[in-house]
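User: Here is a model I want to question term by term. For each label, set the value against its definition.

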Amino acid sequence: MNRRHDGVPIAGYDELSAGEIGHRIRSLSRPDLAELLSHERDHADRPQVVQLIRARLAELDAGATPTPGGREPARPAPTPHEGTVRPATAAEPSPPPPHGTPDQPGKPRSA
């Protein structure tokens, strides 16, 4: 890759999460990945990111070729029921179940 951003081949690299970095390093060549690994070790040294870069280097050594990287894939659209629970729609809290042992089953609470 020819473009450099703050000395690394990915714009805004230091602010990216490990998941975002995993998607963006697919397009990098071996020299770019080696430079990125060096930058990561010298700066944040995030174990997950170091492992991601090492794994990608191993893939390239095994014969993989750089592929179009990019942004993290879009999340699927939420289902109609996802995220609809609010205090007004939540179930009433229930008391904990009465506890007992196999020999002595629990007894209901007396009012």
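User: Why is Pro-68 called exposed?

Analyst: Pro-68 has a relative accessible area of 72%. Exposed means over 50%, buried means under 20%, and partly exposed lies in between (1.4 Å probe, protein chains only). At 72%, Pro-68 is therefore exposed. Pro-68 sits in the segment after α3. This is a predicted model, in which local features need pLDDT of at least 70 and side-chain atom pairs pLDDT 80 or more, while totals for chains, interfaces and linings use all residues. Residues are numbered from 1 along each chain as its sequence is written, and side-chain values use heavy atoms, without hydrogens or water.

User: What does Pro-68 touch, not counting residues up to four places away in sequence?

Analyst: Pro-68 touches Arg-26 and Ser-27 on that count. Contact means heavy atoms within 4.5 Å. Leu-28 is 40 residues from Pro-68 in sequence, yet the two C-alpha atoms are 8.8 Å apart in space.

User: How many helices and strands make up the secondary structure of the protein?

Analyst: There are 3 helices and 0 strands. Along the sequence the pattern is α-α-α. Both kinds are DSSP runs numbered from the N terminus: helices are H or I with at least four residues, strands are E with at least two.

User: How do you know that the span of α2 is close to the expected one?

Analyst: α2 covers residues 30-42, which is 13 residues. The expected span is 1.5 Å times one less than the number of residues. That gives 18 Å for α2, and its first and last C-alpha atoms are 18 Å apart. α3 (47-61) has 15 residues, with 21 Å reached and 21 Å expected.

User: Which residues of α3 are buried, and what makes them line one face?

Analyst: Val-49, Val-50, Ile-53, Arg-56, Leu-57 and Leu-60 are buried. Seen down the axis of α3, they fall within an arc of 130°, so they line one face of the helix. The arc is that of the directions from the helix axis to the C-beta atoms. Pro-47 and Gln-48 are exposed on the face turned away. The buried residues of α3 pack against α1 (18-24) and α2.

User: Which residues of α2 are buried, and why are they placed on the same side?

Analyst: The buried residues of α2 are Asp-32, Leu-33, Leu-36, Leu-37, His-39 and Glu-40. Their arc around the axis is only 165°, which puts them on the same side of α2. Pro-31 and Asp-42 are exposed on the other side. The buried residues of α2 pack against α3.

User: What makes a set of residues a nonpolar core?

Analyst: The members must be buried Ala, Val, Leu, Ile, Met, Phe, Trp, Tyr or Cys residues, joined through side-chain atoms within 4.5 Å. The largest such core here has 16 residues. Ile-10, Tyr-13, Ile-25, Leu-33, Leu-36 and Ile-53 touch the most other members. α1, α2 and α3 each give two or more residues. α3 gives the most, with 5. In soluble globular proteins, nonpolar side chains tend to be buried together.

User: Is Arg-56 buried or exposed?

Analyst: Arg-56 has a relative accessible area of 8%. That is under 20%, so Arg-56 is buried. A polar atom of its side chain lies 3.2 Å from the backbone oxygen of Thr-65. Beyond neighbours within four places in sequence, contacts of Arg-56 include Ile-25, Leu-33 and Pro-66.

User: Why does Ala-55 count as partly exposed?

Analyst: Ala-55 is at 34% relative accessibility. This falls between 20% and 50%, so partly exposed is the label. Ala-55 is in helix α3. Its C-alpha is separated by 10.0 Å from that of Gly-22, which is 33 residues away along the chain.

User: Which class does Asp-45 belong to, and where is it placed?

Analyst: Asp-45 is in the loop between α2 and α3. Its relative accessible area is 44%, so Asp-45 is partly exposed. Asp-45 also has a positive phi of about 50°, although it is not a glycine. Just after α3, Gly-63 takes a positive phi of about 115°.

Definitions and conventions. A polar contact is a pair of N or O atoms within 3.5 Å; within protein, one must be able to donate a hydrogen and the other to accept it, and residues adjacent in sequence count only if both atoms are side-chain atoms.
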